[in-house]
Protein chains: 2
Amino acid sequence: MATTRDRQLVEQWRSIQNSYFRTAGAIDRALEAKFDIGLNEFEILDLVAESEESACRMKALGERTPMTQSAVSKVVDRLEKAGLVSRETCADDRRSLFLELTEAGRALHANAAVEHRALLKENLGS
Amino acid sequence: MATTRDRQLVEQWRSIQNSYFRTAGAIDRALEAKFDIGLNEFEILDLVAESEESACRMKALGERTPMTQSAVSKVVDRLEKAGLVSRETCADDRRSLFLELTEAGRALHANAAVEHRALLKENLGS
DNA sequence: CGTCATTCAATGACAAGGAATATGATGTGG
DNA sequence: CCACATCATATTCCTTGTCATTGAATGACG
């Protein structure tokens, strides 16, 4: 019945929640306003930009983000519709896909990443 | 162009995201399974239980959670439909409401809180 | 090979949240 | 008192996420 211990845990958890939402919210709004792209879209874009070589992504993406497989699929839909990314079929396993940034995607990512990092720095302190 | 610094920030952020989602997901699934209540519902319940005296809640709740005002309103709807909480009109300002736990609400909260704290302890380490 | 289990991704149905707005109640200046 | 700004909450509409399922491709094994 360590109620004082429990209160500490709860406080710690609320503080995590607040800073998570504050940061995510700030980034999301900024990206939305300046680049017309949501946080999740940016994060996928960022992951694709990062692994600018290895093939058959989609699956791999799912492993590097807390998003669900179906959420990833839909985010990619939007990115594709926005002309930022393209789905390429994968020769050696035709179930898989791999993703590529379009020129527009590369350009947008470059700019958005600057903003993203800046907001992270600002919000994660240090 | 502190790209190595940037990578650190991004890694830090991903790690926060992962632990946030891992913890929130674990708690949410457990509460859902054992008490048929979501994480947000529990958190409101928890806040109401905490301030078991001061009146005209609703507004105050909004200030203690990252949820939107409309989200809070809907969570309270669900809690009320589930018979865990009741909205009481506030005599001195009829715009406001204050919330009370029902007996069922108090009972469920007591049990769920144990589970909640345990999962926090488990997930927030230490 | 032929089956059967497994894997990758997309989809549809549905729940939940956010923004903007509606609705009532209060306060306030003239 | 009356108009008008403001406040507390509810509600509508839209977007996004999840779960479960599907479809297609692949692998495993007798």
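Visitor: Which residues of α5(A) are buried?
Guide: In this predicted model, the buried ones in α5(A) are Gly105(A), Leu108(A), His109(A), Ala112(A), His116(A) and Leu119(A).

Visitor: Why would residues spaced like that point the same way?
Guide: An α-helix makes a turn every 3.6 residues, so positions three or four apart point the same way.

Visitor: What span should α5 of chain A have, going by 1.5 Å a residue?
Guide: With 21 residues (103-123), α5 of chain A should span 30 Å, and its end C-alpha atoms are 30 Å apart, so the two agree.

Visitor: What comes just after α5(A)?
Guide: Gly125(A), with a positive phi of about 60 degrees.

Visitor: Switching to the dimer side. How many residues are in contact between chain A and chain B?
Guide: 15 residues of chain A are in contact with 15 of chain B. On the chain A side, α1 and α5 each supply at least two residues, and α1(A) gives the largest share, 10 residues. By type, that side has 9 nonpolar, 3 polar and 3 charged residues.

Visitor: And how does chain A get laid on chain B?
Guide: By a turn of 180 degrees with a shift of 0.0 Å along the axis, giving an RMSD of 0.1 Å. That's the relation of a two-fold axis. In chain A, Tyr20(A) has the C-alpha nearest the axis, 3.9 Å from it.

Visitor: Why say the copies meet through the same surface?
Guide: Because 100% of chain A's interface residues are also interface residues in chain B.

Note on methods: Residues are numbered from 1 along each chain as its sequence is written. Chains are lettered from A and ligands numbered from 1 in the order in which they are written. This is a predicted model: local features need pLDDT of at least 70, side-chain atom pairs count only at pLDDT 80 or more; totals for chains, interfaces and linings use all residues. Copies are superposed by least squares on the C-alpha atoms of residues with pLDDT of at least 70 in both. Two residues are in contact if their C-beta atoms, placed from the backbone, lie within 7 Å. Helices (H or I, at least four residues) and strands (E, at least two) are DSSP runs, numbered from the N terminus. The expected span of a helix is 1.5 Å times one less than its number of residues. A residue is buried if 20 or more other C-beta atoms lie within 10 Å of its own, exposed if 12 or fewer, and partly exposed in between; C-beta atoms are placed from the backbone. Ala, Val, Leu, Ile, Met, Phe, Trp, Tyr, Cys and Pro count as nonpolar, Asp, Glu, Lys and Arg as charged, and the others, Gly among them, as polar.
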